[in-house]
Structure formats: C-alpha cells, structure tokens
Amino acid sequence: MHVLLDNFALFRHGFVGTLLLTSVSAALSLALGVLVAACRVSPVPALRILATVWVTLLRNTPVTLLFLVAVFAAPRILFPGTSHFALAVGALGCYTSAFVGEALRRGVDSVPLGQAEAARSLGMTFPQTLRLVVLPQAGRTALAPIGSLMVALTKNSAIAGSFDVTDLFAEQRRLSATGHDVLEVFVWIALAYLLITFVISELFQLLEHRLAVAR
Amino acid sequence: MSDSPVSPASPRSERAVPPSGEPLVVLDGVNKHFGALHVLRDIDLTVARGEVVVVIGPSGSGKSTLCRTINRLETIDSGAISIDGRPLPQEGRELARLRADVGMVFQSFNLFTHKTVLENVTLGQIKVRKSPRETAERTARSLLDRVGVSGQADKYPAQLSGGQQQRVAIARALAMEPKVMLFDEPTSALDPEMINEVLEVMRQLARDGMTMVVVTHEMGFARSAAHRVVFMADGRIVEQAPPDRFFSSPRSERAKDFLSKILHH
C-alpha cells in the first residue's frame with residue numbers, strides 16, 4: 001500500500017497518461033477502421049487495393065516494430081518535431097485500425113445482400129447505402145470483436161511507455177528504478193490496467209445489449 | 001388451381017382501365033450471360049404506362065433476371081433498356097436518381113432490420129427525396145394504413161409475419177412515388193395463408209392504375225389482375241397474350257406443357 005500512497009501523484013500521472021493514450025488511439029483506430037472497411041467493400045478497385053495493402057501491412061507487423069518506425073524513422077522523413085505522444089497514437093491507432101477494419105468487414109459480410117439491393121432500389125448512392133443500411137448493422141455484429149481489440153489496444157499502449165511517453169508503464173519503470181519493491185509496483189500497475197480494461201469490456205457489453213437487433 | 005388450360009376465361013371484373021399505350025419501360029434486344037449460361041436472349045418487351053404485365057415461366061427461365069435488369073440490379077451484355085424515354089445510365093448518381101422512380105419488391109422482403117417499420121418507409125423519402133421528416137412520416141403512415149399494417153409502425157421487421165413484412169416492403173417502395181413497380185416473386189417466400197393478403201394489396205395497386213411488372217407463380221393473380229401475360233422459357237419470351245387467351249388457348253408447345261404441369265393437380 002505504501003508504494004501507491006507515497007507515489008500517488010506519479011501513479012495518477014501514469015494512469016491519466018495511459019487513459020489519454022488509449023482513448024485517443026482508440027478514436028483514431030475506430031475512425032480509420034470504418035474508412036478501411038468502407039474501402040474494402042468499395043466498388044472502386046484502387047480503394048480496395050489500398051485498404052488491402054493497409055490491412056496486410058499493419059496486421060502482420062509486430063507492434064513494437066511499428067513503434068520503432070513511428071518514433072525513430074517517421075520524424076526523420078515525414079513529421080520532424082512531432083511529440084512522442086502523437087507518434088505513439090499514430091502507431092497504435094493505425095495498427096489497431098487494420099484489425100477494426102477487418103472486424104467491420106466481417107460484419108458487412110453478415111448483412112444480407114438483399115438489404116443493400118433494397119437500399120439501392122430506393123435510389124440510395126453507394127455511400128448512403130453503406131452509411132445508412134450496411135455499416136450500422138455491421139457495427140452491431142462487430143461490437144464484440146471490436147471490444148476485444150480495444151482491450152488489446154489498452155495493453156499495447158504500454159509499449160509507448162518505453163518510448164518516453166508518460167503512462168502507467170513508464171511510471172512503473174521509474175518506480176522500479178528508484179528502488180521500490182518491484183513486485184508491489186507491478187501489482188498496482190496491473191490493477192490499474194485491469195481497471196481500464198474492465199471498464200472497456202463492460203462498456204461494450206452494455207452497447208451490445210442496447211443495440212441488439214433481432215434478425 | 002382446378003381450371004384446365006382449355007376452360008373458358010373467367011370474367012375479369014377487377015381489371016383496371018386499359019393502358020394508354022404510351023411506352024414506359026422498353027427493353028430492346030437485351031442479352032445477358034451468367035458465365036457460359038445465356039440467361040436472357042434477345043428480349044424485346046415494352047410495358048405501357050398503367051399496364052400490368054405478369055411474367056411467368058419455369059424456374060431458370062430468366063424471369064427474375066429480366067425483372068432485375070429493369071432497375072439495373074443486373075447489368076446487361078447487349079441491347080438497351082429505357083424508362084420513361086431515358087436510357088438506363090451507368091452506375092452512379094444518375095442511376096440512383098432513376099432507381100428512385102422504379103419501385104422494387106423482393107422475394108425475401110429485404111426490410112432494413114435495424115430500423116422500425118415506420119423508419120423503413122421514411123428512410124428513402126428523407127435521404128433520397130429530401131422530404132422533411134414530418135411529411136415523410138405522414139406519407140409513411142398513410143401508406144402503412146393502405147397496406148393494412150398501420151398498427152405495426154413502431155415495431156421492428158423481425159416482429160412481423162412474412163405477409164406483413166412484404167406489405168411494409170410494398171409501402172416502402174410506394175413511398176418514393178415510383179413510375180413503375182417491379183415485383184420479383186413477391187409471394188414465393190410466404191406461408192400459404194399469407195399469400196392472399198399480399199396479392200390483395202397488389203390487386204388494389206393494379207386497380208389504381210400503377211404500372212407493374214410482376215414475376216410470379218400465382219396464376220390466379222395473373223388471370224385477375226394482368227393486362228398481359230409474358231411467358232418465358234430458356235431466357236426467351238416464348239409467348240405473350242392477354243391472360244384469358246393465354247390460359248385458355250396457349251399457342252406454343254412450351255406454354256402448353258408448362259400450363260398442363262401447373263394447372264393439373
């Protein structure tokens with residue numbers, strides 16, 4: 001208990017850091033994921049290819065490697081002077097977007113084709129059909145897998161702590177380095193992660209329940 | 001179905017006024033292949049404004065495909081299709097605009113499962129026709145009343161019977177104020193006791209002068225509501241005639257064979 005109480009400010013700092021990193025990356029991954037899914041089912045071949053390359057590349061790269069690229073390579077070529085926080089968000093958000101996109105695409109596959117035909121018969125354009133009819137239903141189907149992805153994202157965010165971004169993991173390293181009982185520090189840090197992931201899981205369960213639609 | 005093909009035609013009191021003769025849907029030399037399969041062969045068909053055309057034929061004869069080419073849910077390989085004097089455009093906004101004028105009713109209803117019945121009927125009006133929500137809802141409620149499901153407006157499609165769902169689907173298509181309505185086997189997925197409630201809505205629509213192309217196996221409907229029966233086999237239009245003449249004295253062997261199979265049992 002001592003470790004937590006004596007260093008509460010540090011813990012809080014790390015907790016808020018992780019929370020911020022996770023939520024901004026989650027928002028980015030969801031927005032990009034919708035875009036990726038939309039491109040993958042688009043009638044335009046170029047968009048389909050682009051999305052496929054995006055998914056294949058990001059899904060098959062170790063996330064640590066992505067962080068290395070984001071933090072050390074990207075600023076040199078593209079974004080000099082970008083904060084490590086923004087770079088970490090970029091790496092995490094893009095990485096997770098590939099998985100979100102795939103979950104959504106599987107959701108799209110679960111929507112009966114006839115509904116898209118009905119929407120087109122009413123005179124809806126492709127984007128309207130996607131936005132009003134297909135994606136809302138795909139999203140409901142994909143909620144459970146996306147919930148798991150957000151939990152995974154929370155845990156992956158710990159890698160950012162190794163790259164100079166303030167988060168729980170960074171604080172753990174700092175506390176361990178300053179001679180506190182490593183085991184005790186670990187327990188508190190783990191509990192803090194657990195708290196966040198638990199809230200995310202519950203949130204998605206609630207959403208699933210709310211949005212369930214009989215087929 | 002006890003009538004034999006040679007029995008005298010029944011009186012057709014329900015028949016709408018004869019069509020004006022002004023062409024609304026024109027198919028000219030339409031061909032389509034699914035891979036090696038030639039599903040539509042040199043189809044020429046003109047549907048006049050106000051006319052009710054019922055397309056019948058054995059399964060695999062291409063009648064559903066024919067119906068789906070009219071609003072370009074199926075593309076064609078050669079030939080031309082025009083609606084109200086305008087050729088079907090390529091995929092895109094133009095085509096979307098034209099589709100809004102062509103109502104379509106599917107075998108499997110295809111209602112939007114995540115929307116209520118009322119929302120199903122207002123969605124196209126609001127998003128495609130850009131009608132204000134209140135106007136759209138008023139139109140929707142009067143249409144739901146017309147097809148006899150006004151009590152179900154706030155339910156979701158899955159809570160309705162098949163017959164009710166199909167009537168909602170008809171209301172959804174009518175909400176766009178289409179120039180022509182396409183029915184692709186609208187009663188084939190229904191339990192027998194629900195077929196009539198859907199056919200009755202369609203008969204009423206025919207009496208009101210709606211231009212209709214109906215692909216169906218319901219010979220009773222063809223007899224009582226059609227101005228013209230189009231008989232298809234192997235991707236061709238083999239024979240077309242007013243229903244009394246077609247059912248009492250079909251000329252082609254294919255039609256005689258088909259009718260003897262479906263009318264004797």
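Chain A carries 15 positive and 11 negative side chains, and the centres of these two sets lie 14 Å apart. In this count Lys and Arg are positive and Asp and Glu negative, while His and the chain ends are left out; each charge is placed at NZ of Lys, CZ of Arg, CG of Asp or CD of Glu. The model is predicted: local features need pLDDT of at least 70 and side-chain atom pairs count only at pLDDT 80 or more, whereas totals for chains, interfaces and linings use all residues. Residues are numbered from 1 along each chain as its sequence is written, chains are lettered from A and ligands numbered from 1 in the order in which they are written, and side-chain values use heavy atoms, without hydrogens and water.

Chain A holds 10 helices and 0 strands. Helices (H or I, at least four residues) and strands (E, at least two) are DSSP runs numbered from the N terminus. The C-alpha trace of chain A spans about 70 × 45 × 25 Å along its principal axes. Of its 215 residues, 46% are buried, where buried means under 20% relative accessible area, exposed over 50%, and partly exposed in between (1.4 Å probe, protein chains only). Accessible areas come from the Shrake-Rupley method with a 1.4 Å probe, and for residues only the protein chains shown count as cover. A contact means heavy atoms within 4.5 Å; among contacts in chain A between residues at least 6 apart in sequence, 79% join residues at least 24 apart.

Chain B has 9 helices and 10 strands. Its radius of gyration is 18 Å, close to the 18 Å that the globule rule gives for 265 residues, so chain B is as compact as a globular protein of that length. The radius is taken over C-alpha atoms, and the rule is 2.2 Å times the number of residues to the power 0.38. The C-alpha atoms of chain B fill a box of roughly 55 × 40 × 35 Å along the principal axes. Buried residues make up 56% of the 265 in chain B. The accessible surface of chain B is about 11100 Å², with 48% belonging to carbon and sulfur atoms. Chain B has 34 positive and 32 negative side chains, whose centres lie 3 Å apart.

Two residues of chain B can be looked at in turn. Arg72(B) sits in the loop between helix 1 (63–69) and strand 4 (78–83). Arg72(B) has a relative accessible area of 15% and is therefore buried. Its side chain makes a polar contact of 3.4 Å with that of Gln90(B). A polar contact is a pair of N or O atoms within 3.5 Å; within protein, one must be able to donate a hydrogen and the other to accept it, and residues adjacent in sequence count only if both atoms are side-chain atoms. Leaving aside residues up to four places away in sequence, Arg72(B) touches Leu88(B), Pro89(B), Gln90(B), Glu91(B), Leu95(B) and Arg99(B). Arg72(B) is not a glycine, yet its phi is positive, at about 60°.

Lys130(B) also has a positive phi of about 60° without being a glycine. Lys130(B) lies in the loop between helix 3 (117–127) and helix 4 (133–146). With 61% relative accessibility, Lys130(B) counts as exposed.
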